[in-house]
Amino acid sequence: MLLSVTDLHARYGRIPILNGVRLDVAPGEFVGVLGHNGMGKTTLLKTLMGFVPAHRGRIVFDGTDITREPPYARARRGLGYVPQGREIFPGLSVRDNLRMGFAGRGAEERIDAILEMFPRLAPLLGRRGGALSGGEQQLLAIARCLAGNPKLILFDEPTEGIQPSIIEELLAVLQHLHRTQGLTILLVEQNLEFIAELSKRVLLIQKGTILRELQPAELRQAGVLNEFVGVSISDAASPTTNAPAATPPRHIE
């Protein structure tokens, strides 16, 4: 396994958030995570990345126990992170934002390879990150992460607040990277059509614990959406990439 998590616990102060999470992600696998607001999805990714310390449990990445390593050490091992809200550097240019992803990871010529994947960013290299649209900022955040050649990317709500055309562009890029480079992803997402298109399997989290595992086609079963996502089956249309109406309410966590 590329990532193995055993009995992972995390808390904010005295408030427990993760309560014995267990999961595995194989090389080249796309795994989705769904759950109600406040059930620990974002905390799970932050704990895996090292921004929230593990109170108990074990995180093994690419054969190494990284449970106590700082975030920068995990990044150097090939663990990438695209946070909810993008968190680009708004005062830096697009080019300089991309340079931040290269730190210790090779020559700046990789910008050309990144721009081939994200041609929308090419004419924006001199523009400040804060002047981009929400969708362009999300593409920049993902491009910056990919610049570091990660072995596994932790994605937190990548489609949140961006227009359908950019969602389709992002979907195409990730599918291409999966086919050609074996990219591995752990994806927290509430856009059902997006998570169904990308994920090989979907983990349902409740009260900081992984309770169930579903195949993407099972996401439309009666009761699943309402129980784990807070959307009734009548609120969700069939999962097609061109149907924005199928996207359930945002800001689930």
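Predicted model: local features only at pLDDT ≥ 70, side-chain atom pairs only at ≥ 80, totals over all residues.
Figure 1. Arg99 has a relative accessible area of 36%, so Arg99 is partly exposed. Asp96 also counts as partly exposed, with a relative accessibility of 26%.

Figure 2. Arg56 is partly exposed, because its relative accessibility is 44%. The value for Asp7 is 23%, so Asp7 is partly exposed too.

**Figure 3. Glu69 and Arg77 form a salt bridge.** The closest N and O atoms of Glu69 and Arg77 lie 2.7 Å apart. Are the two partners buried or partly exposed? Glu69 counts as buried because its relative accessibility is 18%, a value under the cut-off of 20%. Arg77 is partly exposed, with a relative accessible area of 33%.

**Figure 4. Glu29, Arg201 and Glu213 are linked in a network of salt bridges.** The view shows the side chains of Glu29, Arg201 and Glu213, which the network connects. A search of the whole structure finds eight salt bridges.

**Figure 5. Helix 5 packs against helix 6.** Two packed helices are described by the angle between their axes and by the distance between those axes. For helix 5 and helix 6 the angle is about 15° and the axes are 10 Å apart. Helix 5 is therefore roughly parallel to helix 6, as angles under 35 degrees count as roughly parallel. The crossing of the two helices is right-handed. On the side of helix 5 (134-146), the residues in contact are Gly135, Glu136, Leu139, Ile142 and Leu146. They meet Ile166, Glu169, Leu170 and Leu177 of helix 6. By type, the residues of this contact divide into six nonpolar, one polar and two charged.

**Figure 6. Asn149 and Glu157 are two residues with positive phi.** Where in the chain is Asn149? Asn149 is in the loop between helix 5 (134-146) and strand 7 (152-156). Its phi is near 55°, a positive value in a residue other than glycine. Asn149 counts as partly exposed because its relative accessibility is 40%. Glu157 is in the loop between strand 7 and helix 6 (164-181). The phi of Glu157 is near 50°, again positive in a residue other than glycine. Glu157 is buried, with a relative accessible area of 3%.

**Figure 7. Gly130 lies in the loop between helix 4 and helix 5.** Helix 4 spans residues 110-117. Which residues does Gly130 touch, not counting those up to four places away in sequence? Gly130 touches Ile88, Pro90 and Gln137. Val94 is 36 residues from Gly130 in sequence, and the C-alpha atoms of the two are 9.2 Å apart in space. Gly130 is partly exposed, because its relative accessibility is 37%.

**Figure 8. Gln181 is an exposed residue of helix 6.** The relative accessibility of Gln181 is 58%, so Gln181 counts as exposed. How many residues separate Gln181 from Lys151 along the chain? Gln181 and Lys151 are 30 residues apart along the chain, and their C-alpha atoms are separated by 9.7 Å.

**Figure 9. The whole chain is shown as a setting for the close-up views.** The secondary structure of the chain comes to eight helices and 10 strands. Of its 253 residues, 53% count as buried. Among contacts in the chain with a separation of 6 or more, 68% are between residues 24 or more positions apart.

Key: Residues numbered from 1 in each chain as written. Heavy atoms only, no water. Helix = DSSP H or I, 4+ residues; strand = E, 2+ residues; numbered from the N terminus. Buried < 20%, exposed > 50% of the residue type's maximum accessible area, 1.4 Å probe, protein only. Salt bridge = Lys/Arg side-chain N within 4 Å of Asp/Glu carboxyl O. Axes fitted to C-alpha atoms, helices over the stretch in contact; angles between N-to-C directions. Parallel < 35°, antiparallel > 145°, perpendicular 65-115°, else oblique. Left-handed = near helix turned anticlockwise from the far one by under 90°. Contact = heavy atoms within 4.5 Å. Nonpolar A, V, L, I, M, F, W, Y, C, P; charged D, E, K, R; others polar.
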